[in-house]
Structure formats: structure tokens, C-alpha cells
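The following exercises concern one protein chain.

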Amino acid sequence: MDVYHVVTESPIAAGQVILFDENHHSGVYDRVQEKLLLVKEINANLPEKIVNRR
């Protein structure tokens, strides 16, 4: 039986072992990396009162 794995974003066989290492990333990792620059830009431009409101 083939299934679709939502983290790797690929079809896999039931019971298949998934390898994650520096050369094999998950779909979650890839999506985070795609947005990382945007998040850094947003954080760099936040007003000081929002950044230090703890």
C-alpha cells in the first residue's frame, strides 16, 4: 500500500523508514527555510516596544 507522507511531501510505502539528515530535509524544514529571510526582515523592523514587552 502506498501512502503520502505530509512531512516529506512524497509518496512512500507503509512502514518505510524515512531518512532525515543534512542532505535529506523534510517538507517542514524546506517551508521554514523558504520563509526564514522574511521572518528575519519582520523581526528586524519591529518597533522596540513590541520587541521588549516581556
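**Exercise 1: the strands**

Task: identify the bridge partner of D2 in β2 and describe the pairing to which this bridge belongs.

Solution. In β2, D2 has A13 as its bridge partner. Strand β1 (residues 2-5) pairs with strand β2 (residues 10-13) in the antiparallel sense, over four bridges; two strands pair if DSSP finds at least two bridges between them. Four residues lie between β1 and β2 in the hairpin that they form, and E9 in the turn has a positive phi of about 55°.

The model is predicted: local features need pLDDT of at least 70, side-chain atom pairs count only at pLDDT 80 or more, and totals for chains, interfaces and linings use all residues. Residues are numbered from 1 along each chain as its sequence is written, and side-chain values use heavy atoms, with hydrogens and water left out.

**Exercise 2: the order of elements**

Task: state how many helices and strands the protein has, and in what order the elements run.

Solution. The protein has two helices and two strands. Helices (H or I, at least four residues) and strands (E, at least two) are DSSP runs, numbered from the N terminus. From the N terminus on, the order is β-β-α-α. F20 belongs to the loop between β2 and α1.

**Exercise 3: the geometry of α1**

Task: compare the span of α1 with its expected value and locate the kink.

Solution. Helix α1 has 18 residues, and its first and last C-alpha are 26 Å apart, close to the 26 Å expected at 1.5 Å a residue. The expected span is 1.5 Å times one less than the number of residues. A kink of about 45° in α1 is centred on K35; the bend at a residue is the angle between axes fitted to the seven residues ending there and the seven starting there.
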